[in-house]
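Please go through the structure below with an eye to its charged pairs, its sheet and its surface. The briefing starts with salt bridges and then moves on to other topics.

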Amino acid sequence: MNASKTEAPDSQQSTAGAVNLHDATTEEIYRELLRRVGEDPTRDGLVKTPDRMQKSLAFLTRGYQQSATEILRGALFDVEYDEMVIVRDIEFYSLCEHHMLPFFGKAHVAYIPKGKVIGLSKVARLVDVFARRLQVQERMTREVADSIVDAINPQGVAVILEAQHLCMMMRGVEKQQSLTTTSAMLGAFRSSPQTRNEFLSLIRRPQAF
C-alpha cells in the first residue's frame, strides 16, 4: 500500500508539464522542441524563434495550399506551334520528407504542344507548387510532368531535376559534392530517342546571357 501511495504523485508529476499536442499552438510545440534539445526558449536570442519557425515552415510548405491545376488553367493559350518548348534552370528549394532538411537545385522542363501552350512563368510556378511541400525528388519530378500532361495533353513532356540534399551533406554519409538527378520522360520524349537527345543537348548548352 505504501508503494502505491508514493507512485501516484510521481505519475501525476510526470504528466503535469507535458504538452497537449491537440490543443498546443505551433509556437508552443516549437518552444517545447527548443527545450528538448537543451536550450532555454526564454533567453534573448530564442524568445521570438518559435514564431519565426512557425512562419518559416508555413512559407516553405505553402504548396499544400496551392493547386497546380488552377495555376496552369489560368495561363493556357491556343497556339499553332508543335516544336519543343523548354524552360530550363528553374531554381527550386524543397524539404526532404524523411528528415525535413532542405534539398535544392534546378529544374528543366520541356513539352511539345498539341494546340495549347502554357504561359512560361506558370511553368516555374508549377515547379514551386510541388517544391514547397515535404518531398522526395523522384516524386516531385513526376508530379511536375503529370500536371502538364493533365493540363494540355501535349505530344510529350520531359522534366529533369538536379539537386543537392543537405540530409546527405550535413548528416549521414556527409558527402558534400554529390548531385542527384531525376527525370521523367513522357510521350514523344520516351518513344523518340531523337527528341529526347535534342532536349538533353539543349539543356546542356551554356546560357546565352
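Lys55 counts as exposed because its relative accessibility is 54%, where exposed means over 50% relative accessible area, buried under 20% and partly exposed in between, with a 1.4 Å probe and protein chains only. This is a predicted model, in which local features need pLDDT of at least 70 and side-chain atom pairs count only at pLDDT 80 or more, while totals for chains, interfaces and linings use all residues. Residues are numbered from 1 along each chain as its sequence is written, and side-chain values use heavy atoms, with hydrogens and water left out.

**Salt bridges**

- A salt bridge is taken here as a side-chain nitrogen of Lys or Arg within 4 Å of a carboxyl oxygen of Asp or Glu, and by this rule the count comes to eleven.
- Lys55 forms one of these salt bridges with Asp51, the closest N and O atoms being 3.2 Å apart, and the two residues lie four residues apart, about one turn, in helix H3 (residues 49–60); helices (H or I, at least four residues) and strands (E, at least two) are DSSP runs, numbered from the N terminus.
- Asp51, with a relative accessibility of 25%, counts as partly exposed.
- In helix H6, Asp146 and Arg142 are likewise placed four residues apart, about one turn of the helix, and their side chains meet in a salt bridge at 2.9 Å, N to O.
- Both ends of that pair count as partly exposed, Asp146 at 28% relative accessibility and Arg142 at 41%.
- A further salt bridge brings together the side chains of Arg204 and Glu162 at 3.0 Å, N to O, and this pair links distant parts of the chain, 42 residues apart, with Arg204 in the segment after helix H9 (193–203) and Glu162 in strand E6.
- Arg204 is partly exposed, with a relative accessible area of 48%, whereas Glu162 is buried, with a relative accessible area of 16%.

- Five strands form an open sheet of mixed pairing in the order E5-E2-E3-E6-E7, where two strands pair if DSSP finds at least two bridges between them.
- Because E5 and strand E7 (180–187) stand at the edges, each with a single partner strand, one side of each is left without a neighbour in the sheet.
- E2 and strand E3 (residues 102–112) pair in the antiparallel sense over nine bridges, with Leu95 standing opposite Pro102 in E3.
- E2 pairs with strand E5 (residues 134–135) in the parallel sense over two bridges, and here Cys96 stands opposite Gln135.
- E3 is joined by ten bridges to strand E6 (residues 156–165), the two running antiparallel, and in E6 the bridge partner of Tyr111 is Val157.

**Turns and backbone angles**

- E2 and E3 form a hairpin with five residues between them, and Met100, in the loop between these two strands, has a phi near 55°, a positive value in a residue other than glycine.
- Met100 is partly exposed, its relative accessible area being 42%.
- Asn153, too, is not a glycine and yet has a positive phi of about 45°; this residue is placed in the loop between helix H6 (137–152) and E6 and counts as partly exposed at 46% relative accessibility.

**Surface patches**

- Patches are made of residues with over 30% relative accessible area and no salt bridge, like charges being joined within 9 Å and nonpolar side chains (Val, Leu, Ile, Met, Phe, Trp, Tyr) within 5 Å.
- Glu80, Asp82, Glu83 and Glu198 gather in a surface patch of negative charge; Lys and Arg count as positive and Asp and Glu as negative, with His and the chain ends not counted, and the place of a charge is taken as NZ of Lys, CZ of Arg, CG of Asp or CD of Glu.
- Asp82 is found in the loop between strand E1 (76–78) and strand E2 (85–96), and Tyr81 has its place in the loop between E1 and E2.
- Phe77, Val79 and Tyr81 form a nonpolar surface patch with about 260 Å² of accessible area together, the areas coming from the Shrake-Rupley method with a 1.4 Å probe and, for residues, only the protein chains shown counting as cover.
- Tyr81 itself counts as partly exposed, at 38% relative accessibility.

**A buried helix residue**

- Leu126, found in helix H5 (residues 120–131), counts as buried at 1% relative accessibility.
- The C-alpha atoms of Leu126 and Gln66 are separated by 9.6 Å, although the two residues are 60 residues apart along the chain.
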